Amino acid sequence: MDVVWENREAILIGFTHTVLLFLIAGIGSLLLGTVIAAMRVGPIGVLRVAAVIYVSLVRNTPLLMVLLLFRYGLPKLNIKFDFVDIVVPTTAGDIRLNNIFTACVIGLSIYTAAFVAEAIRSGINAVPLGQAEAARAIGLPFGGVMREVILPQAFRATVPPLASVQIALIKNTTVAGAVGVVEAFNVMRSMTNNYAGSRIEIFIAFALIFVVLVEVYSFAAHRLERRWRIA
Amino acid sequence: MSNNSVLFDTPGPKAAARHRIYTVLAVVVLLGLLAVAVMRLADNNQFEGRKWEPFVSPVYIERFLVDGVLETLKMAVAAIILAVIFGALFGIGKLSEHRPLRWFSWLVVEFWRAVPVLLAMVLVFYVWGIDRGDTGAFWSVVVALMLYNGAVLAEVFRAGINAVPKGQVEAAYALGMRKTAVMMQIQLPQAVKIMLPALISQMVVALKDTSLGYAVAAPGLTNVAKLTYNSPSNGQNIIPTVLVTAGLYIVMNLILTWIATWVQKKFVGEKRIDVAAAAAGQD
């Protein structure tokens, strides 16, 4: 494990990028996915159709295609992602939130939003019919029914499928490494190139960190699920 | 409309009028977005003939279908067959009465479910596939997909076997069958029937993930796409290429989803195990 220990700073920087990708894209996909789920169950037919089309197109497209489009495709249309350029120097190295990072965050958010929307929709379907009827009976309009009664309960019922989606997102951040973000997968690939003799131990080290990230997240989600469970 | 009546009443005249206004607004906004996108594409010469020529000329179409779609399907089918075997072994292993076997299976399944497919793919490629050319890259993708999808399917198998009513097992034991016979002749056949739709949806995941072969230069659709947009004569046509390639994946996946629904209706009926819960983390 010497190689791993010697390169601990590069690994740390890699996983910092991984976690940042996960956090920012996680929040972004949650916001976008909620809007799409609301469109999907709302009363406006056109928006419902648009949401269905969005979900079935994005769900069936490989993430790599989405990221290729954002990373290399859209700049050809003069849509550059250089409006964010933050470099955080640390003792271990720079954390760069540049155009590549931004393109990947947006791509990951748009991709994950389709799965978030489906998870939320299944949560909305889990809310008993009587709840919506009661909410309407006290005179709440559609927005009020959603905001005050349905969505709070739907979000609770949504915790387990949403946790699955976000665990997938943690692992999907590696695809951003394949198109140039210096995250964990990217660091691992350059290390396995440089230290040919220690490939397996490098892999095991990176894999174990991912296992820890995933297990910590699913443990937290499980606790949340138990605490929030609808009686 | 009917399935949405949970959330709102059938609109009265006022609400209907308001909905009409929203509909018009939504149409205007959506068409506006589409128009902006098309104009952007046109302004930046994305409709140029040579950029789209690869997708209409017979040579390229043949390449996309033979080197692309066919190779991708080969990888996906090989991966899913191996994943089913892997999943069956470890899924049954997790239900074993022998504690070490149970723990070992649990460890294997948890590990490969949490490790990103790309990491596994690169490991297999560097350790085994790197000097074996296209074959090496092909099997690196297949093995990595087998490990991940197999681990997910192990959970599906376990859930499927547990979904077989307890009485069946008791009846089988009462007839004097042994443990192995009960598993092989009573539990597994019924479990497989329950699981079929989940198996097919997992094929969609495997098919999509074959695109990650891009990272190890494996054959398949992404490789053909890469060659197409890197070729200078096509005028840097990455956007047309991505659109066409994504379209091919979407068509293949929609066909698979359609088969899954058909199988569900034809062979399984209403009973269905909760795929989302069983296959936590599938993407």
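Helices (H or I, at least four residues) and strands (E, at least two) are DSSP runs, numbered from the N terminus. The legends below describe a predicted model, in which local features need pLDDT of at least 70 and side-chain atom pairs count only at pLDDT 80 or more, while totals for chains, interfaces and linings use all residues. Residues are numbered from 1 along each chain as its sequence is written, chains are lettered from A and ligands numbered from 1 in the order in which they are written, and side-chain values use heavy atoms, with hydrogens and water left out.

Figure 1. Lys74(B) and Glu71(B) both belong to helix α3 (residues 58–94) of chain B and stand three residues apart, about one turn of the helix. Their side chains form a salt bridge with the closest N and O atoms 3.0 Å apart; the term denotes a side-chain nitrogen of Lys or Arg within 4 Å of a carboxyl oxygen of Asp or Glu. Residues are called buried under 20% relative accessible area, exposed over 50%, and partly exposed in between (1.4 Å probe, protein chains only). Lys74(B) is partly exposed because its relative accessibility is 43%, whereas Glu71(B), at 18%, counts as buried.

Figure 2. In helix α6 (residues 133–163) of chain B, Glu155(B) and Arg158(B) are three residues apart, about one turn of the helix. A salt bridge joins their side chains at 3.3 Å, N to O. Glu155(B) has 9% relative accessibility and is therefore buried, while Arg158(B), at 28%, is partly exposed. A further salt bridge pairs Lys51(B) with Glu48(B) at 2.7 Å, N to O. Lys51(B) is buried, because its relative accessibility is 6%; Glu48(B) is partly exposed, with a relative accessible area of 29%. Side chains of opposite charge can pair when their charged atoms come close.

**Figure 3. A salt-bridge network in chain A.** Salt bridges link Arg40(A), Glu118(A) and Arg121(A) in a network. Over all chains, the structure holds 10 salt bridges.

**Figure 4. The contact between chain A and chain B.** Chain A contributes 57 residues to the contact and chain B 56 residues, where contact means heavy atoms within 4.5 Å. The area buried between the two chains is about 5000 Å², with 72% given by carbon and sulfur atoms. In chain A, Asn60(A), Leu77(A) and Phe203(A) lose the most area to chain B, together 13% of what that side buries. Buried area is the accessible area (1.4 Å probe) that two parts lose on being put together, summed over both.

Figure 5. The patch is formed by Met1(A), Ile200(A), Ile204(A), Leu208(A), Val127(B), Trp128(B) and Trp139(B), which together have about 640 Å² of accessible area. Two elements give two or more residues each: α9 (199–228) of chain A and α5 (117–129) of chain B. The largest share, three residues, comes from α9(A). Val127(B) lies in helix α5 of chain B and is partly exposed because its relative accessibility is 46%. Patches are made of residues with over 30% relative accessible area and no salt bridge, like charges being joined within 9 Å and nonpolar side chains (Val, Leu, Ile, Met, Phe, Trp, Tyr) within 5 Å. Accessible areas come from the Shrake-Rupley method with a 1.4 Å probe; for residues, only the protein chains shown count as cover.

**Figure 6. Loop residues of chain B with positive phi.** Asn45(B) is not a glycine, yet has a positive phi of about 60 degrees. The residue sits in the loop between α1 (13–43) and α2 (49–52) of chain B and, at 48% relative accessibility, counts as partly exposed. Ala217(B), also a residue other than glycine, has a positive phi near 55 degrees. Ala217(B) is found in the loop between α8 (179–209) and α9 (221–230) of chain B, and its relative accessible area of 40% makes it partly exposed.

Figure 7. Chain A contains nine helices and two strands, in the sequence pattern α-α-α-α-β-β-α-α-α-α-α. Its mean pLDDT, the predictor's confidence in each residue from 0 to 100, is 90, and 99% of the residues score at least 70. Among the elements of chain A, strand β1 (residues 86–90) has the lowest mean pLDDT (84), and helix α4 (residues 63–73) the highest (95). Of the 231 residues of chain A, 51% count as buried.
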